[in-house]
Amino acid sequence: MTNAPSHVRGATDAPLSTETIGAMLRRVVERFGAREALVVRAQGYRATYRELWDATTALAKALMARGIDAGERVGIWSPNRHEWVVTQHATARIGAILVNVNPAYKSRELEYALNQSGIRLLLLARGFRTTDYRALLDEVRGRCPHLEQVVVIDDDWDALLAEAAAVDDAALAEREAGLDCHDPINIQYTSGTTGAPKGATLSHHNILNNGHLCGEILAYTEADRVCIPVPFYHCFGMVMGNLACASHGACAVVPGEAFDARLTLETVGAERCTSLYGVPTMFIAQLNHPDFERTDVSSLRTGIMAGAPCPAEVMKQVHDRMNIREITICYGMTETSPVSTQTRRGDSFERRVSTVGRVHPHVEIQVVDPETGRVVERGTSGELCTRGYSVMLGYWNNQEATAAAVDAERWMHTRDLAVMDHDGYLRIVGRLTDMIIRGGENIYPREIEEFLYTHPEIEDAHVIGVPSQLYGEEVMAWVKLKAGADVDDVALTAFCRGRIATTKIPRFWKRVDSFPMTVTGKVQKFRMRELAAAELGLDAGAENTGR
Ligand code: AMP
């Protein structure tokens, strides 16, 4: 039997939408106007599709009254609030490019985003957690020549909407009619797990189709209520969340400004959510929360876990204790709108823990040898590449970085290492840059993390490589123990001994209460490495800083 190449194309039976986001929303509002569209529990906000549409119309006109043209950049710097969703739709309706500013940014990063994308009008919250956004903005504003207008959501929102009166329906309709689905509509700076932020630029076509197709795979209808505790500034919230809901007439249910396990559980129960999103650590936090046992999760049916590999133990509990029988795993990246592969509702437990699913409709994926660029055979690992409608237009004002990421044949090179099986299911086995090399032996942190999750006292674990004179790198594990647990290094090492290869047993252990995270909930391994190297008195200068 000859081995097939690691290349597949997704189904194309249902055509892609060529609508703009505004046209899609208008159609859904006509059909489902009286149904609930958006609930933000922490704000006590509820809106039907009709009400959401009206708010969107008001903001779209107000932005036009402020002189915002199609193609101009409008930034939003806010945690999850209803105004974020209204802004997302309003900017799309007038063809302005929404720039998602990471809520965790501090002044340096803010200044970079404002200037790099040339934001003309910035909507911002007063602050988030202990950060005073207005004070940070004051620090940098003098160095941001493009920034003309600033709107503080908490203070100026109603006044801004009132400015809509200056623009009539015909002017807005004319603007909307002039837009094309391939226009850029959104800039997202890719998360801080790699070097300098790059602004992935996405079109209506990119994100509307990706959100819609995620929802199709989850069999969304207008009866679904999707709990979205993941941030809007990332595709997980604004595309897989907001656009998957909007394109199906489903309701987006947002617990609060940022992930909080208790509030998420409360929201799922009180709002009778049918679907729940999160990165694995969010599901872990809910499963281990004291409120879990008294939360009614019986309404949950489906959901998405993405962003990082899901340990088998966690998947088992999400299925058995959270009642999410149809949970799916998505794999993707901001540059591909984001989803490229997804498990399907009927997929086996095994597939949901060991793979990231199979190719999405209308997308093409292949696994190539990173050295030669040739497609490898099924079962062989290599770099995963994605091509199709979902690939970004490019990095904003950064042709060099675009050319390095998207090749001449429009393949997006993900830097993720994957293996495709005979049925086209993909396993992510590491990153080109996230692999520990110990004495010449390749060690995948993922494998050790999976093993550590089987320890009854460990709640969460992340593994990194730290510099070593002898081996180049040594394995270090950071573990978060369950409440009340007390396990020392000797016991942890003993647990591994004889169960995993000696070379994989962590040489160093660190017990923590939390991990350095991006706002999307992705553990920042490069931060862990820096902290560990400093703590252990090791030289971090070696080439192992990776992600
Ligand atoms: P971002 O652009 O922030 O969405 O990050 C994209 C990266 O997250 C990918 O390149 C992967 O390394 C990682 N990633 C996303 N989804 C998964 C998943 N389901 N399993 C493992 N890694 C993932």
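Which element gives the most to the lining of the largest cavity? The answer is α13, with 3 residues. Before I go on, please keep in mind that this is a predicted model.

Let me stay with the cavities. By the rule used here there are 5 cavities of 30 Å³ or more. The largest cavity has a volume of about 80 Å³. Among the residues that line the largest cavity are Ala308, Pro309 and Cys310, then Arg352, Val353, Ser354, Thr355 and Val356, and also Arg427, Ile428 and Arg446. Two elements give two or more residues to that lining, namely α13 (349-354) and β23 (426-431). Sorted by class, the lining of the largest cavity has 7 nonpolar, 2 polar and 3 charged residues.

Next is the second largest cavity, at about 60 Å³. Its lining includes Ala37, Leu38, Tyr49, Leu52, Val85 and His89, as well as Asn242, Cys245, Ala246 and Ala252. Here β2 (36-40), α2 (49-65), α3 (82-94) and α9 (235-246) each supply at least two residues. Helix α9 has the largest share of this lining, 3 residues. How do the lining residues of the second largest cavity divide into nonpolar, polar and charged? There are 8 nonpolar, 2 polar and no charged residues. The lining of the largest cavity, as I said, has 3 charged residues.

Now the pockets. I will take the second largest pocket, which holds about 690 Å³ of space. It is lined by 31 residues, and those nearest its centre are Arg129, Phe259, Met517, Thr518 and Gly521. Both α11 (280-287) and β26 (458-468) supply at least two residues of this lining. The largest share comes from α11, with 4 residues. By class, the lining of the second largest pocket divides into 17 nonpolar, 6 polar and 8 charged residues.

On to the ligand. How many residues surround the ligand? The count is 15, and the closest are His234, Cys330, Thr334, Asp416 and Lys522. Strand β16, residues 326-332, gives the most to this shell, with 4 residues. The shell divides into 7 nonpolar, 5 polar and 3 charged residues.

- A polar side-chain atom of threonine 334 lies 2.8 Å from a ligand oxygen.
- For lysine 522, a side-chain N or O atom is 2.9 Å from an oxygen atom of the ligand.

Taken alone the ligand exposes 500 Å², and the protein buries 93% of that.

Last, the rings. The structure holds 5 aromatic pairs. I will show one of them, tyrosine 112 with tyrosine 189. Why is this pair edge-to-face? The ring centres are 6.2 Å apart and the planes stand at 70 degrees, over the 60 that the class requires, so the pair counts as edge-to-face. Tyrosine 112 lies in helix α4 (residues 107-117) and tyrosine 189 in strand β10 (residues 184-189), so the pair ties together parts that are 77 residues apart in sequence.

That is what I have for today.

How values were computed:
Residues numbered from 1 in each chain as written. Heavy atoms only, no water. Near = heavy atom within 4 Å. Polar contact = N/O pair within 3.5 Å; in protein donor to acceptor, adjacent residues only side chain to side chain. Areas by Shrake-Rupley, 256 points an atom, 1.4 Å probe, with all protein chains shown as cover. Nonpolar A, V, L, I, M, F, W, Y, C, P; charged D, E, K, R; others polar. 1 Å grid on protein atoms, 1.4 Å probe; cavity = no way out; pocket = protein on both sides within 12 Å on 5 of 7 lines; lining within 4 Å. Points joined across faces, edges and corners; volume = space filled by probe spheres on them. Phe/Tyr/Trp six-rings, centres within 6.5 Å; stacked < 30°, edge-to-face > 60°.
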